[in-house]
Each structure stands twice: as structure tokens, then as C-alpha cells.
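Subject: Structure handover

Hello,

Here is the structure for you to take over. Please open it first, then read my notes below.

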Amino acid sequence: MLETMKSLVCKKNLCVLATTDNHAPHCSLMVYLADESNERLFLVTPRTSRKFRNIQNNPRVSLLIDTRDDRQHDATSALTITGTCEILPSGEKSEQMKVAFAKQYPHMADFVHKSDVAVVCVQIESFLLLEGPEHAHYETLG
């Protein structure tokens, strides 16, 4: 089942990122890039954004990836990912990821290369796959 979950991460590129601020949730629609193992996700965000401040204060996040656009609503799958964020420092790795984002999402090229845009890496800790309203599968990494 773990490979099915990782496959969904690989097939999609849009997620909802949930962060918290003083116990209040905040959700953001985001595009992402996955590493080759599908165990780390990379996101970009302005350093002035609420999600960035939330991640600085509490790096624990969850993300939702779903299949609504692929299937009938009664067959929709939803993958919840739990993980911990690391804000990549400015430097070679951060620049490599910005180039990768610009290549994968050409409409974001100007945005990702702005000086106040940070690259965030989510180290995935667990997956929860819901297939329809009754079937749930849970996997942890590590």
C-alpha cells in the first residue's frame, strides 16, 4: 500500500498545505515537487506569507492530495501526509529547487526567483489514504 501512496504523490502536483498559528489552522493551495523517493516534498512561498511564519513557529504540517479531478466523486481518494518542514537556507540547494520549480511550472518562473521566496522541504512521516468514505490505509516512514 505504501507504493500506492507514493505513486499518488508522484502523479499529482497540487496539494492543500495545513499549518497552525497559536492553535488556529491555516490552509493554502500549493504546487509541489517530490524527490525521487516520494518521501520529501518541496514547496515555495514568500517569506512574508502567513504559512511561512507558521512554519517558522511550528514546523509540523499536514498536506492533502486528492483525486477529485480523475474520478467520479464516489471513487475519490484522498491522501493526507504528515511531516516536518525545513526551510532551506539560501544557497545552491535552494537555487536548484527554484530552477526545478520554474522548469516544472513555467508560469511561476518570475515568482520563484524573487529574493523573498523561500524553498520549504517537507520530510514525510506518515500517509493516510482514504479510498471512498469507508476504506482507510495508514503507513509510516522510517
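Predicted model: local features only at pLDDT ≥ 70, side-chain atom pairs only at ≥ 80, totals over all residues.

Residues are numbered from 1 along each chain as its sequence is written, and side-chain values use heavy atoms, with hydrogens and water left out.

Cysteines. A search of the whole structure turns up zero disulfides (a disulfide is a pair of cysteine sulfur atoms within 2.5 Å). Cys10 is in none; its nearest cysteine sulfur belongs to Cys15, 14 Å away. Cys10 counts as exposed, because its relative accessibility is 53% (buried is under 20% relative accessible area, exposed over 50%, partly exposed in between, with a 1.4 Å probe and protein chains only). Cys27 is in no disulfide either; the nearest cysteine sulfur, again that of Cys15, lies 10 Å away. Cys27 is exposed too, at 52% relative accessibility.

Strands. These are DSSP runs (E, at least two residues), numbered from the N terminus. Two strands pair if DSSP finds at least two bridges between them. S1 spans residues 14–21 and S2 spans residues 24–31. They pair antiparallel over eight bridges. Thr20 stands opposite Pro25 in S2. The hairpin of S1 and S2 has two residues between the strands. There, Asn22 takes a positive phi near 50°.

S1 also has bridges to S5, residues 60–66. Three bridges join them, and the two run antiparallel. Ala18 has Ser62 as its bridge partner in S5.

Best regards

Definitions and conventions. Helix = DSSP H or I, 4+ residues; strand = E, 2+ residues; numbered from the N terminus.
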